[in-house]
Amino acid sequence: MKHNNVLPNQHFRKGWQLRVKTWFDQPGKKKTRRVNRIKKAAAIAPRPIDGLFRPAVRCSTIRYNTKIRAGRGFSLDELEAAGINRKQARSIGISVDHRRKNRSVEGLQANVERLGEYKSKLILFPRKLNKPKSGDSAKADLAEAAQVSHATVLPIVQPPETDLFRKIEGEQKATAYNSLRRARADKKYKGKRDARAKAAAEEEKAKSK
């Protein structure tokens, strides 16, 4: 062999089979998760399987704030505008976030309407079936109650895009790039052009004499 290189030393006796990771339990784990989901849904029935009802909020930063997602909880102003007591909200499946503040009137109104829709569809079971209290649902509604089995309660829908690209009709009269370049050149050479015009005017004046 040429040069001062290391001689090849192949390591083929490492006992690699002891360090191989397998996933033979994957189908069994999948079935276990499914059975646990069914058990949980039966345990919390007729409440929704998704859990608490959450507000629609904007994502943070200018890059993502065009998207709407589920927030941590409704603000106290939203609950007050919807006529819901902050202590009662958790007992009827509404999440509350006392730290969140509303930065826009539009967001506040949207979540108030969301709460109103939730209240209109809410079926409230009495603690004791033989002793219903004011605010509890009627017996006919209780008989028709069904558990919400899909992913989220009142899923959040993304608003339609309004800033769409469109073709400019007719002939284009001006180009923004050319206009900016022309304005930049006019500003740069204004002094020289004025001096040249002044010199030409003085020369014409001298010739006329």
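Lys209 is exposed, with a relative accessible area of 80%; exposed here means over 50%, buried under 20% and partly exposed in between, for a 1.4 Å probe and protein chains only. This residue belongs to a predicted model, in which local features need pLDDT of at least 70, side-chain atom pairs count only at pLDDT 80 or more, and totals for chains, interfaces and linings use all residues. Residues are numbered from 1 along each chain as its sequence is written, and side-chain values use heavy atoms, with hydrogens and water left out.

Lys209 lies in the segment after helix 8 (190-208). Helices (H or I, at least four residues) and strands (E, at least two) are DSSP runs, numbered from the N terminus. The C-alpha atom of Lys209 is separated by 106 Å from that of Ala145, although the two residues are 64 residues apart along the chain. Helix 8 itself has 19 residues, and the count of buried residues among them is zero, so that the helix is hardly covered. The expected span of a helix is 1.5 Å times one less than its number of residues. For helix 8 this gives 27 Å, and its end C-alpha atoms are 27 Å apart, in agreement.

**The aromatic cluster**

Rings of Phe, Tyr and Trp (its six-membered ring) pair if their centres lie within 6.5 Å; planes under 30 degrees apart count as stacked, over 60 as edge-to-face and the rest as tilted. By this rule there are two aromatic pairs. The rings of Phe53 and Phe74 have planes at 35 degrees and centres 5.4 Å apart, so this pair is tilted. It links distant parts of the chain: Phe53 is in the loop between helix 1 (26-44) and strand 1 (56-58), while Phe74, 21 residues apart from it, is in the loop between strand 2 (68-70) and helix 3 (76-82). Phe53 is buried, with a relative accessible area of 1%, and Phe74 is buried at 0%.

In the pair of Phe53 and Tyr118, the planes stand at 5 degrees and the centres are 4.4 Å apart, so the pair is stacked. This pair also links distant parts of the chain, 65 residues apart, with Tyr118 in helix 5 (residues 105-121). Both Phe53 and Tyr118 are buried.

| Ring pair | Centre distance | Plane angle | Class |
|---|---|---|---|
| Phe53 and Phe74 | 5.4 Å | 35 degrees | tilted |
| Phe53 and Tyr118 | 4.4 Å | 5 degrees | stacked |

**Backbone features**

The loop between helix 1 and strand 1 also holds Pro46. A cis peptide bond joins Ala45 and Pro46, with omega at about 5 degrees.

Thr61, in helix 2 (residues 61-64), has phi near 70 degrees, a positive value in a residue other than glycine. Leu154 likewise has a positive phi, near 50 degrees, and is a residue other than glycine. Leu154 is placed in the loop between helix 6 and helix 7 (176-188), and it counts as buried at 16% relative accessibility.

**A nonpolar surface patch**

Ile123 lies in the loop between helix 5 and helix 6 (139-143) and counts as partly exposed, at 32% relative accessibility. Together with Phe125 and Leu129, Ile123 forms a nonpolar patch on the surface, with about 270 Å² of accessible area in total. Patches are made of residues with over 30% relative accessible area and no salt bridge, with like charges joined within 9 Å and nonpolar side chains (Val, Leu, Ile, Met, Phe, Trp, Tyr) within 5 Å. A salt bridge is a side-chain nitrogen of Lys or Arg within 4 Å of a carboxyl oxygen of Asp or Glu. Accessible areas come from the Shrake-Rupley method with a 1.4 Å probe, and for residues only the protein chains shown count as cover.
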